Amino acid sequence: MADHDLRRLNRRTFLRVAVGAGLGVTSASLLAACAPAAAPSPAAPAKPEPGTKPAATTAPAQQAPAQKQLRELQFLLDVTPYGKHALYYAPQEHGEFRKAGINMKFASAQGSADTARKIGARAADFGLADTGALIIARAEGAMIKQTFMTHYRNLMSIMSLKKYGIAKPKDLEGKTIAAVAGDAGRNLLPAFAKINNFDQNKMNIITTDFPSKLPAVLAGRAQGSYEFYTSWPTYVRGARKQNEEATVLLYAEWGLDMYNNGIVVHEDLLKNETSMVKEVLQALGEGIVWAAQNPDEANTMTLKYNPALDKETSREELQIALDFLLVDEVKKNGVGTMSKDKMQQTLDLVQDNFELKRKVALDEIWTAEFAPKGLVPRA
Amino acid sequence: MSAIRPRELLIAMLTLVVTIGLWEAVVWAFKVPSFLVPAPSAVWVEFLGKADLYAQHTWITLYETAIGFLLAMVLGILAAIAIVYSRLLQSLVYPVILVLQIVPKIAIAPLLLIWLGYGLQSKTTIALLVAFFPIVVDTATGMRAAEPELLELVKVLKGSRWQEFVKIRFPYSLPFIFSGLKVAITLAVIGAIIGEFVGGNQGLGYLIVAANYQLLTAMSFAALILLSLMGLGLFGLIVLVERLLVPWGVTEGEEIPVTL
């Protein structure tokens, strides 16, 4: 074959590769576009997964309400499970969901933004997500609302080692802090800096992945990292292994308080299945009350789902989640309820510190209609 | 050199236009929210609105990719020469190279970033590690593919090993080297992106991660499209250099590079 023919063939092949790549990107987009429509509607009874028994047969017969088939629903945890998630396993394992005719299946997202996106796409029925992430998602068109609060105080924090001398916010000037992209505490840094009167521009923030933050601090690549305060037990143990002492600046203790995580639900589900959502949240509230009164037992439920977790660390993480749940507001109104004022404060903080696509109204991001009332754990 | 046939070009352009049109229509018809899949027009608007930002991050990724690829090329060819010419080096080097290839780079990337820092070195090292293997394997295969009669001729004529390398083995291996380079360049792009995903504040990989966390899907798509174009452009560049340097070795079907 003549040389020029070969060259033409190669050029043609390259062209095919180029067109193929274009088609690939487009096809993937179209498939994704069709996904929400194709996803099983939460309103329809879920089919059992292949190879698994139907949900009804897995529940103890004497506890199943009149042999009624349990309805399978999906609950999306915000991140890979750890101690704090006992609050959500408890109603499933202790039986509150079952009494409500529900068999809850758990899965994990990759952070609150991912949860918000997936609930917005109706890929799961209930999701645990940060209110800030919900507001951002709402501005981008995800029709989701906060229905039940669990992290009442702001868990955002900057953790460090004692040797780096970060004892107050002003000490952050000149320091390098590791953070994951889109970290809520990082995004609210302007507000935190303003409240505590320090220059955030004098900080250097490096983006890293979640598991690398503490190693980066221990290796001296950063002098601190953004963490949710529920990670504190793990952080303390990690530092101790290197003979270091961990320190923490908790946003809530330094003037920046807001609502964090709660249960987000798609508006379609709130509208079309009002009673189901209410029943699930009632069961969730009862389960959380039980977990608050029986934290050791609740912790074993987390370990049942996640055997690789350390029992003591997990228990301490649950305690922090309980401390941030059992606030005065909850002691007065019950688990899950929210106040309009604090939700407004949360919305203002997010809107003032993010370039949202559009202004989001307060009633778009939450509803007080669904959370149970008066479920107060015994002291 | 012959030009691309107008008909081929027309078909390619039409295919792209139709698929983009279809994408736009589906998004519009099904009212797909932008946080799930943005319309091509939204991606275009996003790109135009922040062209400087995209240019800056594309340049960073391109730079990391190029450095990692060039290092992989030099070290890969040298390693292949060592393997072909020394049995001792082959038994020493080859298992190490094989282990390096088998280890999933995504798993060691966080450690590499902690060891080497969050700047350029870690990204180029990951690109180098990912791109290295196909160059070594293809170059070594090419050098061994030299015709035995020609190698015998060099011996008969009392040619040196250097002459054998320069006049026989290296020219014979060039088509194989380019075959490895074409696979390696696309892998180098992926390597740089792995590094940017794990840590750092720059590059298209960082932009995709940051966009995902803020549900800025149009930004994510714009960065992905730029990344694809960059990979295609670099692949095309290698094909072009191959045609200029090794016109006799260009094969009919280009291999489609495998990804990680």
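**Figure 1. Domain layout of chain A.** Chain A is divided into domain 1, made of residues 63-153 + 260-365, and domain 2, residues 156-254. The model shown here and in the other views is predicted. Between the C-alpha centres of domain 1 of chain A and domain 2 of chain A the separation is 26 Å.

**Figure 2. Contact between the two domains of chain A.** On one side of this contact are 14 residues of domain 1 of chain A, and on the other are 13 residues of domain 2 of chain A. By residue class, the domain 1 side holds five nonpolar, three polar and six charged residues.

**Figure 3. Confidence along chain A.** The mean pLDDT of chain A is 85, and 82% of its residues reach 70 or more. Where in chain A is confidence lowest, and where is it highest? The lowest value belongs to helix 2 (residues 55-58) of chain A, with a mean of 34, and the highest to strand 4 (residues 144-149) of chain A, at 98. The pLDDT is below 50 over residues 1-9 of chain A, a stretch that has twelve contacts in the model beyond near neighbours in sequence. It is also below 50 over residues 17-62 of chain A, where the model has 62 contacts beyond near neighbours in sequence.

**Figure 4. The five-stranded sheet of chain A.** The strands of this open sheet follow the order 2-1-3-10-4, and their pairing is mixed. Strand 2 (102-108) and strand 4 of chain A are the edge strands, each pairing on one side only. From one strand to the next, the twist averages 35 degrees. In a regular strand the side chains alternate between the two faces of the sheet.

**Figure 5. Strand 10 of chain A and its two partners.** Strand 3 (residues 126-130) of chain A pairs with strand 10 (residues 261-266) of chain A in the antiparallel sense, over four bridges. Within this pairing, A:Ala129 stands opposite A:Gly262, and A:Asp130 stands opposite A:Asn261. Strand 4 of chain A also runs antiparallel to strand 10 of chain A, and five bridges join the two. A:Gly262 in strand 10 of chain A is the bridge partner of A:Met149. Why is strand 10 of chain A described as largely enclosed by the rest of the structure? Six of the six residues of this strand are buried, so strand 10 of chain A is largely enclosed.

Figure 6. Helix 5 (residues 112-120) of chain A is largely enclosed by the rest of the structure, because nine of its nine residues are buried. Charged side chains are included in the buried set: A:Asp114, A:Arg117 and A:Lys118. Also among the buried residues of helix 5 of chain A are A:Ser112, A:Ala113, A:Thr115, A:Ala116, A:Ile119 and A:Gly120. Within chain A, the buried residues of this helix pack against strand 1 (71-77), strand 3, helix 6, strand 4 and strand 10. They also pack against helix 9 (204-213) of chain B. After helix 5 of chain A comes A:Arg122, whose phi is positive, near 60 degrees.

**Figure 7. Overall fold of chain B.** Chain B has ten helices and zero strands, and its pattern along the sequence reads α-α-α-α-α-α-α-α-α-α. The C-alpha trace of chain B spans about 75 × 50 × 30 Å along its principal axes. Of the 260 residues in chain B, 43% are buried. Among contacts in chain B between residues at least 6 apart in sequence, 76% join residues at least 24 apart.

**Figure 8. B:Thr186 in helix 8 of chain B.** B:Thr186 lies in helix 8 of chain B, which covers residues 161-198. Is B:Thr186 buried or exposed? B:Thr186 has 24 C-beta neighbours inside 10 Å and therefore counts as buried, the cut-off being 20 or more. B:Met230 is 44 residues from B:Thr186 in sequence, and their C-alpha atoms are 9.3 Å apart in space.

Conventions: Residues numbered from 1 in each chain as written. Chains lettered and ligands numbered in written order. Predicted model: local features only at pLDDT ≥ 70, side-chain atom pairs only at ≥ 80, totals over all residues. Domains from an automatic or database assignment. Contact = placed C-beta atoms within 7 Å. Buried ≥ 20, exposed ≤ 12 C-beta atoms within 10 Å, placed from the backbone. pLDDT = per-residue confidence, 0-100. Pairing = 2+ DSSP bridges. Axes fitted to C-alpha atoms, helices over the stretch in contact; angles between N-to-C directions.
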